[in-house]
Amino acid sequence: MTKTILLATTAILLSAGAVSAQTPSEQSAPPQAEASQPGVLVFAPDYFADQRPNTALDMVQRVPGFSVSDGDGSRGFEGSVGNVLVNGSRPASKNDTGSAVLSRTLAAQVERIELIRGGAPGIDMQGFSVVVNVITRNESSRQSILTLNGSLFDGGQDLFGGSYQFTAKNGDTTWGVTLSDGISMSDADGVGPVIRRDGAGVIIRQEDYFNNQYGGGTSARGNFATPLMGGKIDLTARYGVNDYHSINLQTAPGVLRENYYDNDGSSGEFGAVYTRPLSTRLNLETRFIHQFNSFEGVSTSRTRIGAVDSPEQRFIGAGDSSETILRGTLRFERSPNLTFESGGEVAYNMLDTNQAFTVGGVPVVLPSASVLVEELRGEVFGKGTWRMRPNLTLEAGLRLEGSTITQSGDADQEKSFFFAKPRFQATWTPRPNNQFVFRFERELGQLDFGDFAASADLDDDNVLGGNVDLEPEQRWITELTYERRFWGDGIISIGLRHDEIVDAIDVIPLDMGLSAVGNIGEGTLDQLALNILVPMDRVGFTGGRLGFRNTWNHTEVTDPTTGETRGISQVRPSQPVFTIAQDITSWKLQWGGAYILSLAQTGYDPDQTSGFRGADYFELWAEYKPTPTLSLRAQINLWDDFEVERTVYANRTPARPIAFVENRYIDPRTFVSFRVRKTF
């Protein structure tokens, strides 16, 4: 797995933007809407033939107006999984993501791809307005996929990885093995000056800055699926080890400031899904997931000015966590136009962590440094989907969730919660290629157990205490989306969303000059999302496509320190992306590019405000497929304007006079990535 810290969605935007270089009369047949379900578009393999896809993931990334999401991996199953289904179901494990399953499925095994907008009978949308359902062929086969990849940095740590995937299918029985050596990196690493100014703007420190972040993970996964007792069982298991390292240096004549972070861990999981028809109209799905991980991390900060060493700061954290989920779902098709779904979920989550902070070898007391956090949660749910007319589908549901969170160790506490989560969605297709989706829903955020324990960011002189009083964030969401498809692959999608937030989660002040993640009261989010993809054959750019995508966010909460209105931490107000792509079939070549005009993100703390601003990010790629089973891809990322700013306050009074402002003007390293993939 390759990870870019700031721009993880860019590659998806690019890969979704390529189209075939051919005249309109020569293009493959466009997707067809099912007669009984206008919200379902069916893409046959012929639609993708000219793009020469190697895997099912290549095909899905070509579906116009769709971007793969693998979910956020938060606790529980509901709302934490992605928007990709295979044969009507999600993978057996949350970490065996939809994109991972598709990447080990050869394109020749795909029978069709369904783009489901708004909902369809038997399809669990999991809160997404759009999902894809990949239907595979039922035939015997053996296939292997070998991938080698790497990222080469100008002045940084070069990284290399690869994977081998084997899948065998004999009728309804399939099994496979995946061996992976992944890489992890940041696209914001680089060098540049760091300048600190006092409250009057006078320079009090000017040094050279260097940072580098890198890591990876090695894992093995096995999958097995076969008919069982009138149904089908799907099993998966994985075990892996991982590491991550960060180096931050500031230097000047006679000055050396060093910050290091090293993390090592291991993780594993087991998942099982059993599906069985109980009658011609009633189906049962039972799902069991267990995952676990252990971790150990060390942060170290040292400073030398002249020949004098400041006391070393050291933050050590180690622990174990696990999650176990049992979930059952019954789906009843009352008629082709009316379906019902009900079920329940029980989950147990645990985090056991021990942490220590020392300055010059002397321990510093932290709130909730060593804690055991446990949660027992249960949920029952029911929903109905009514296709009121061929062009109008209504969905209504209710989820009832109860949980008890127990904390022991440095702080002992137990809290119980109960929430009702209603949902309503209407999908209206007034004319072909035009669709409106309206959604009203109450969403409940999952608490990050790591926020119950202390943590540190020594690079920014920031230590967070744990918070035993955390409560889940709640959102009442109202959303309206309009989608217009044109010229075969063209799409315009406009979405408006408003969230009323209760118990918003951000950073709060604690005693002893510390801070912690906590609830800060009510808040709002207003969002405008725009996605445009335009085929350019009609203007002479044969097979080309131009795209634009952006999400504008405006958030408001009340700052717990100043009492003033501000935005929510770490929510980007805007990130406009322009894309271009083309397939040149006669050359067996695809190429594309993306340009990000600007991006910014700010975090708020009682003692400092920090964030970054960036502009003029370029990504260019090309992929050559000399044979149907061999793919060669190269990519270059260019970025010359990235600034990190930190404003530190002298005290926590409402006026909060500025102690200093520090700016890091970073020139991120240019890096080239490559991938060689062979299927056989």
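Student: How many aromatic pairs does the structure hold?

Tutor: The structure holds 21 aromatic pairs. Rings of Phe, Tyr and Trp (its six-membered ring) pair if their centres lie within 6.5 Å; planes under 30 degrees apart are stacked, over 60 edge-to-face, and the rest tilted. This is a predicted model: local features need pLDDT of at least 70, side-chain atom pairs count only at pLDDT 80 or more, and totals for chains, interfaces and linings use all residues. Residues are numbered from 1 along each chain as its sequence is written, and side-chain values use heavy atoms, with hydrogens and water left out.

Student: What is the geometry of Phe-612 and Phe-642?

Tutor: Phe-612 and Phe-642 form a tilted pair, 5.6 Å centre to centre with 50° between the planes.

Student: Why does that pair tie together separate parts of the sequence?

Tutor: Phe-612 is in strand E33 (residues 608-627) and Phe-642 in strand E34 (residues 630-649), so the pair ties together parts 30 residues apart in sequence. Strands (E, at least two residues) and helices (H or I, at least four) are DSSP runs, numbered from the N terminus.

Student: Are Phe-612 and Phe-642 buried or exposed?

Tutor: Both Phe-612 and Phe-642 are buried. Buried means under 20% relative accessible area, exposed over 50%, partly exposed in between (1.4 Å probe, protein chains only).

Student: Which rings link into a cluster?

Tutor: Ring pairs link Phe-548, Trp-552, Phe-578, Tyr-595 and Phe-618.

Student: New topic. Which ring does the charged end of Arg-196 sit over?

Tutor: That of Phe-660, 3.7 Å from the ring centre. Arg-633 has its charged end over the ring of Trp-621, 4.5 Å from the centre. The cut-offs: NZ of Lys or CZ of Arg within 6 Å of the ring centre and within 35 degrees of the ring normal.
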